[in-house]
Every structure is written in C-alpha cells, then in structure tokens.
Amino acid sequence: MRFFRPRHSTLVLNEKVVIVTGASSGLGRALAFAFARRAAKVVLVARREDRLEMVRREIEPYTSAVLVIPADLSDEAQLQRVVDLTLERFGRIDVLVNNAGIFMGGPFIEQDPRRIEQMVRVNLWAAIRLTQLVLPSMLAHNHGYILNIGSGLSRAAVPMFAPYVATKYGLAGFSDALRRELHRTGVHVTLVLPGWMHTDMLSPEVENLVERYGFPVEHPDFVAERAVLGLVRGEHEIVLGGFLARLGVLVERYAPVLLNIYWKLWMTPEWASTMSKIGYSTENNDR
Ligand SMILES: NC(=O)c1ccc[n+]([C@@H]2O[C@H](COP(=O)([O-])OP(=O)(O)OC[C@H]3O[C@@H](n4cnc5c(N)ncnc54)[C@H](OP(=O)(O)O)[C@@H]3O)[C@@H](O)[C@H]2O)c1
C-alpha cells in the first residue's frame, strides 16, 4: 500500500509559519483555526481587513503569533508584499495554503469575461505565482509544504462550470507536476479536493439542489481538519465530499463515458438555472 499511496515524513506544526490565503471566510478561516490549534504561527491573507481582524481575534488564544496581511491576490505586487512581510516578521515560511478562490457557474456563453479573468487570476495564477515566490525560502531550508485547495471539480468536469473547472483542473495538474519536480528537495505538495461546502460561495438554493442530487454539503471545519491531517501525514491527494463525489472522481478517471451519460440525463434546466446564480449572488465575488 505504501507503494501506491506514498507518503512523506510526518510534519509537526508547532511554531511552524503557515500562510493561509482567503482566510477571511469559509474554508480559509477554518484552516486558520486548524493550524492555530496546532500552535502554528498563522499569516492571514485576503482583501477584507475587518474580517481578517475578526479571525485574528478568534485564533489568537491558541497560537503564539498571528500576522494579518490585507492583499488582493490578483495583483502581483501584493503577492510579493505577502511574502516579504512574512519573511520580515518570521524569517521563514514552512507551509503555504493556496485556498483563496472565486466560484462562478452558469452557461459558459453567458459568463462575464471580466469575471472569468479574475477567477483565473485568483484560483490559478495567484496560487502558481505565490508558490514560486515562497519556494526560494523553502528550498533554502530543505523544508516546506504547499497545500493547494482544489475541488471535486479538479478531477470531474461538471457542466455549467467550464471556466471554474478549468482553473481547478489547472491547479491539480500544477500540483502533480510540481510534486514530481520537487521530489527529494524536502518540499512537499498536497492537493485537497473538497466536495460541496457550506460557505459564502453557496446560497441555500444551491445547497438544496446539490443535496437533492445526492451530494452532502460539508462543514468547512470538517474539511479543514481533514486537510491538515492529510498534510501532516504526507498524503498527496485528499478527496472529500462523500461517497458520490469520490465515485465521480474515480469514474471520470477510469470510465468517463459513464459521466457523459449521467450528465446527459441530469443536466436539467433546473440545474442550469440554479448554478447560474453562483458567483452572481454572493457578495464575496462582487467586490
Ligand atoms: N464552497 C464550496 O462548495 C467549495 C467546494 C470545493 C472547493 N472550494 C474551494 O474552497 C476554497 C475556499 O472557498 P470557500 O468555499 O471558503 O469560499 P469563500 O468563503 O467565498 O472564501 C473565498 C476566500 O477567497 C478570498 N478571495 C477571493 N478573491 C480574492 C482576491 N482577489 N484576493 C484575496 N483573496 C481573495 C476571499 O476573501 P476576500 O473576499 O476577503 O478577499 C475569501 O476569504 C476556494 O478555493 C474554493 O474554490 C469550495
């Protein structure tokens, strides 16, 4: 089994410096908690400073240090600033969590091109560039962990999400290739594939529909705990989202024709119209 599911050595998070992007809400906030509870020093990054300060107050009792860096990750200069400020304060970076993301659904032809560009910048480009910026420090210490937050849609192409799926497949490919490239450097890459999660990204209407399709809507605390546990154990890929989501990933890999048939049957007008509201109804994506 170790041959099929290789693992790197276990990681102790105590006093480690962890950057969490998208830490102002949802999964990022839950991840900040999960790292703080293990006594890591946590760097919180997102645009909304007031929300980051709230998270700082919540996690401060657990950890020796929290640094808040308000930043728009679609801007390269701000990515550099995140790395510079972290190194200035702590002198090293042990873990980078690329979690910040934008979600948008609906018929591809109707999706706003400016929003698509912003989504590509945040979900994919920022994760790639930030990884490139933290790597010199990690390689100098022969030690580092990249935790990329993908999605079940990183390994299973769901209709009405073509550009989002493209960013998440991209992140999965980036993680796989980089893991192989960094073999023996002491820097490890873990990819997490959450299923549907109860965060600002999903409205109650969307949650109801995906539950009717048989997918659980998981709590971000559960996903965060599982992600950190996987990171510590050295897992390469953590697939969450319940039985159907895990099955979907397997079927997409080994028998994609079955998913073609499934979506011919289940890509209903209700699916299309409900998914069109993702990314247009959440205040998060409108800022
Ligand atoms: N919710 C789901 O069902 C689900 C399922 C699978 C995967 N995921 C993935 O999980 C991750 C977290 O999403 P979530 O569900 O926790 O949603 P969320 O609550 O909306 O969180 C998204 C985070 O990204 C940050 N962000 C967005 N644009 C940014 C920018 N330009 N610069 C800096 N930060 C930015 C937001 O912070 P600010 O607005 O303060 O900048 C926010 O903290 C995403 O990568 C998402 O694709 C979510």
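The model is predicted, so local features need pLDDT of at least 70 and side-chain atom pairs count only at pLDDT 80 or more, while totals for chains, interfaces and linings use all residues. Residues are numbered from 1 along each chain as its sequence is written, and side-chain values use heavy atoms, with hydrogens and water left out. Helices (H or I, at least four residues) and strands (E, at least two) are DSSP runs numbered from the N terminus.

**Sheet**

- An open sheet of 7 strands has the order S3-S2-S1-S4-S5-S6-S9, with parallel pairing; two strands pair if DSSP finds at least two bridges between them.
- S3 and strand S9 (237–239) are the edge strands, each pairing on one side only.
- From one strand to the next, the twist averages 15°; axes are lines fitted to C-alpha atoms, for helices over the stretch in contact, and angles run from 0 to 180 degrees between N-to-C directions.
- Strand S1 (residues 17–21) pairs with S2 in the parallel sense over 5 bridges, and Val-17 has Lys-41 in S2 as its bridge partner.
- The chain goes from S1 through helix H1 (residues 26–37) to S2 in a right-handed β-α-β crossover; right-handed here means that, with the strands pointing away from the viewer, the path from the first strand over the helix to the second runs clockwise.
- S2 and strand S3 (residues 66–70) run parallel and are joined by 5 bridges.
- Val-42 has Val-66 in S3 as its bridge partner, and Val-43 stands opposite Leu-67 in S3.
- A right-handed β-α-β unit is made by S2, helix H2 (residues 49–59) and S3.
- S4 pairs with strand S5 (residues 144–149) in the parallel sense over 4 bridges; the bridge partner of Val-97 in S5 is Leu-147.

- Strand S2 (residues 41–46) is largely enclosed by the rest of the structure, because 6 of its 6 residues are buried; buried means under 20% relative accessible area, exposed over 50%, and partly exposed in between (1.4 Å probe, protein chains only).
- In a regular strand the side chains alternate between the two faces of the sheet.
- Both faces of S2 are covered, with Lys-41, Val-43 and Val-45 buried on one side and Val-42, Leu-44 and Ala-46 buried on the other.
- S3 is mostly covered, with 4 of its 5 residues buried.

- H2 lies across S2 and S3 and runs at about 170° to S3.
- H4 packs on the sheet and touches S1, S4, S5 and strand S6 (187–193); contact means heavy atoms within 4.5 Å.
- The direction of H4 makes about 175° with that of S4.
- Two packed helices are described by the angle between their axes and the distance between the axes.
- The axes of helix H3 (residues 76–90) and helix H4 (residues 113–141) cross at roughly 35° and come within 10 Å.
- The crossing of H3 past H4 is right-handed; a crossing is left-handed if the near helix is turned anticlockwise from the far one by less than a right angle, and right-handed if clockwise.
- On the H3 side, Glu-76, Leu-79, Gln-80, Val-83 and Leu-87 meet Trp-125, Ala-126, Arg-129, Leu-130, Leu-133, Val-134 and Ser-137 in H4.
- By class, this contact of H3 with H4 has 8 nonpolar, 2 polar and 2 charged residues; Ala, Val, Leu, Ile, Met, Phe, Trp, Tyr, Cys and Pro count as nonpolar, Asp, Glu, Lys and Arg as charged, and the others, Gly among them, as polar.

- Ala-100 is in the loop between strand S4 (95–98) and H4 and counts as buried because its relative accessibility is 15%.
- Not counting residues up to four places away in sequence, Ala-100 touches Thr-21, Gly-22, Leu-73, Val-122 and Asn-123.
- Ala-100 and Val-20 are 80 residues apart in sequence, and C-alpha to C-alpha they are 8.3 Å apart in space.
- Leu-250 is in helix H8 (residues 242–254) and counts as partly exposed at 45% relative accessibility.
- Leu-250 and Arg-155 are 95 residues apart in sequence and, C-alpha to C-alpha, 8.5 Å apart in space.

**Positive phi**

- Most residues other than glycine have a negative phi.
- Asn-142, not a glycine, has a positive phi of about 50°; Asn-142 lies in the loop between H4 and S5 and counts as exposed at 55% relative accessibility.
- Arg-184, not a glycine, has a positive phi of about 75°; Arg-184 lies in the loop between helix H5 (162–181) and S6 and is exposed, with a relative accessible area of 77%.
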